[in-house]
Amino acid sequence: MSSNSLFETDEDVAQANKLSRKVKESPFMLVGIAGFVAAGLIGAYKYRNRGSMSTSVFLMQLRVAAQGTVVGCLTAGLAYTMAKEYLLHEEPKSNTRPDE
């Protein structure tokens, strides 16, 4: 095995490289995932103090808040990409790697 860890395979390293590349290409995806996790954690905290609200209604509202966070971040990322490409006239980077 070429890696230093007994539990880490070459496929895991490739997935980590793929994730880091995607984060560099679209940082709003990472913000959307963080917002989704934050909405989930806040919802778990507020679940104890929901009052007389039923669990199903609370979970529906939590789902809408989490989805709204992700959709808002993706929309902001799309707007940023379009502004960079069409208003600032920057050419998009090619998806080819230099080692190919």
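The protein chain has an accessible surface of about 8,600 Å² (Shrake-Rupley, 1.4 Å probe), and carbon and sulfur atoms hold 63% of that. Of its 100 residues, 9% count as buried, meaning under 20% relative accessible area, with exposed meaning over 50% and partly exposed in between (1.4 Å probe, protein chains only).

Keep in mind that this is a predicted model, where local features need pLDDT of at least 70, side-chain atom pairs count only at pLDDT 80 or more, and totals for chains, interfaces and linings use all residues. Residues are numbered from 1 along each chain as its sequence is written, and side-chain values use heavy atoms, leaving out hydrogens and water.

| Segment | Residues | Distance between end C-alpha atoms |
|---|---|---|
| Helix H2 | 27–46 | 29 Å |
| UniProt "transmembrane region" | 28–45 | 25 Å |

That transmembrane label comes from an unreviewed UniProt entry, and such annotations may be inferred rather than shown by experiment.

Gly32, Gly35, Ala39 and Gly43 of H2 are buried. They sit on the same side of H2, because they cover an arc of only 65° around the axis, taken from the directions to the C-beta atoms. On the other side, Leu41, Ala44 and Tyr45 are exposed.

Over in helix H3 (residues 55–87) lies Leu87, exposed at 66% relative accessible area.

Conventions
Helix = DSSP H or I, 4+ residues; strand = E, 2+ residues; numbered from the N terminus. Expected span 1.5 Å × (residues − 1).
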